Amino acid sequence: PGLPWIFPNSRATMVNAKYGLDAPARRFDVEAQQMKQELRPGDSAPGSVPGPALSSKLKIFLLVAAVASVSLFVGGMIGAKEAVTSHKSKAASELRVGSVGPAPGTEGGSQYKAMGGTGYCWACDADNTESRDSWWFGWGACICKEGWKGDCCSEPKVDIDTQWLRYLENSPDEVKVISADLASLADEKVGVINQNSLAWPLADVDIVVSGGGNLDAFWMGASMILSRVTSVGVKRYAGVSAGGMLPFEQELKGEKTTLENHLSYSVITRDYKDWFSNAASAAWYQDHHWRLMADWQTDKYSVSSLDEKVVLGTTCLKPFPELVKINKFTKETAASAFMSTGTFFEMYDGWVCSDGGATSGKKMTPLFQDDVRPQVIVDLMSTGFPTSMVYDAELEQYVRLIKVGMDEMVKFLTTGVTERNDIISYCPTGSDVSENICLQYV
């Protein structure tokens with residue numbers, strides 16, 4: 001019923017007019033026209049509320065804010081452009097006098113392009129920036145350290161696979177320093193051990209290391225102590241996943257190279273952090289990069305020295321899951337054997353295989369079954385460090401766990417026990433190891 005007052009030309013209005021019901025509407029229109037004629041300019045309609053008028057102070061404030069915003073934008077653009085121009089001139093000058101050589105991977109001698117980006121950056125990446133010139137309103141030009149690029153020096157210059165292969169051949173300087181420090185620390189710790197009075201008879205012993213991903217840092221540290229104790233004679237190693245891979249690497253490449261390879265990978269995960277932002281991505285990339293390393297080390301080193309010395313446990317479908325122990329290696333099979341013990345899918349000797357942890361007992365320790373000599377068992381999953389380390393190789397955390405491994409091995413050799421319950425244990429001959437656990441220590 002209210003529509004005719006709102007829409008005077010509507011169908012309802014015409015119906016009202018036909019039956020004489022539109023008199024109120026016509027009267028309302030006449031009165032409205034009279035009101036319009038009586039109003040003077042500037043007057044408000046009767047019954048209406050005058051709108052708020054902008055005060056002079058508010059008008060001035062809005063004007064100043066608008067001018068400041070435009071100045072900020074224009075000033076930032078001019079400042080950034082000046083920064084770029086300045087650094088291009090500086091780089092060109094340095095190139096002319098020969099004080100700065102062209103960075104790797106640059107073309108056409110554009111040193112500035114190699115060192116930084118466009119200069120349009122609010123905050124340079126502090127870790128990757130050589131220097132920075134601040135200009136207008138916080139804008140500035142970032143001069144990147146070698147190996148970095150982008151406006152804010154946040155992008156690695158080299159693709160991740162290429163960088164990893166380079167590090168395998170030549171570790172970054174910071175890794176070499178850390179490696180040397182850890183070697184010196186191991187020497188120092190071994191110096192306090194009375195090698196003629198160890199807590200356990202270890203002159204003729206086998207070592208078994210459990211799976212555990214990057215928790216293998218514990219064994220890295222423990223082995224650095226064990227290898228320096230001359231009265232210890234390790235005859236064989238066995239392991240699955242990381243617990244098999246790391247002894248394989250150490251026997252193949254030596255302690256120093258293996259240590260630096262693993263520390264270098266921690267640098268990779270730090271410098272290419274976007275590639276390792278979640279567990280799935282981190283696990284996939286490490287699997288991929290370990291395959292690159294497997295091929296590299298097999299081509300570079302002689303694998304025949306590993307025969308009968310290292311045993312890798314892998315789970316193969318024959319047709320049901322079965323623990324397969326590999327102790328013979330050739331140039332053609334070594335890389336596949338290495339990966340099969342710690343990956344989710346690998347073809348080995350015609351069989352579909354995957355991580356050996358699934359079939360090597362509840363501790364993931366493929367114990368030797370021949371009872372030839374006592375066994376020292378290392379349980380990486382008892383380190384107490386976050387289980388996220390299985391796929392996360394953060395550098396500082398990895399180094400800390402190496403040092404923990406050193407301390408625990410020293411305590412095991414001198415007192416026979418460890419701070420962490422049975423993280424390193426001694427399994428004498430005659431023990432029941434049929435289930436891949438030593439019943440002496442259950």
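Student: Which residues do ring pairs link into a cluster?

Tutor: Rings of Phe, Tyr and Trp (its six-membered ring) pair if their centres lie within 6.5 Å, and planes under 30 degrees apart count as stacked, over 60 as edge-to-face and the rest as tilted. Here such ring pairs link W164, Y265, F276, W284, Y285 and W290 into a cluster, and by this rule the count comes to 13 aromatic pairs. This is a predicted model, in which local features need pLDDT of at least 70 and side-chain atom pairs count only at pLDDT 80 or more, whereas totals for chains, interfaces and linings use all residues. Residues are numbered from 1 along each chain as its sequence is written, and side-chain values use heavy atoms, with hydrogens and water left out.

Student: Is the pair of W200 and Y426 stacked or edge-to-face?

Tutor: W200 and Y426 are stacked, at 4.5 Å centre to centre and with 15 degrees between the planes. The pair joins distant parts of the chain, 226 residues apart, since W200 lies in the loop between α7 (173-190) and β5 (205-209) and Y426 in strand β12 (residues 424-427); helices (H or I, at least four residues) and strands (E, at least two) are DSSP runs, numbered from the N terminus. For burial, buried means under 20% relative accessible area, exposed over 50%, and partly exposed in between (1.4 Å probe, protein chains only). W200 counts as partly exposed because its relative accessibility is 23%, while Y426, at 7%, counts as buried. W219 and Y237, by contrast, form an edge-to-face pair, 6.4 Å centre to centre with 65 degrees between the planes. W219 in helix α8 (residues 217-226) and Y237 in strand β6 (residues 234-240) are 18 residues apart, and both W219 and Y237 are buried.

Student: At what angle do α6 and α10 pack?

Tutor: Axes are lines fitted to C-alpha atoms, for helices over the stretch in contact, and angles run from 0 to 180 degrees between N-to-C directions. Angles under 35 degrees count as roughly parallel, over 145 as roughly antiparallel, 65 to 115 as roughly perpendicular and the rest as oblique. Helix α6 (residues 160-169) and α10 pack at about 155 degrees, with their axes 10 Å apart, and are therefore roughly antiparallel to each other. The contact (heavy atoms within 4.5 Å) is made by I160, Q163, W164, Y167 and L168 of α6 and N261, S264, Y265, V267, I268 and D271 of α10.

Student: What is the angle between α6 and α11?

Tutor: α6 and helix α11 (residues 279-300) pack at an angle of about 40 degrees, with their axes 11 Å apart, and are therefore oblique to each other. On the α6 side the contact includes I160, W164 and L168, and on the α11 side H288, W290 and W296 are among the residues involved.

Student: Which residues make the contact between α9 and α10?

Tutor: Helix α9 (residues 242-253) and helix α10 (residues 255-271) pack at about 130 degrees, with their axes 7 Å apart, and are therefore oblique to each other. L246, E249, Q250 and K253 of α9 meet E255, T257, T258, N261 and H262 of α10.

Student: Where is S179, and what does S179 touch?

Tutor: S179 is in helix α7 and is buried, with a relative accessible area of 5%. Not counting residues up to four places away in sequence, S179 touches K256, L259, E260 and L263.
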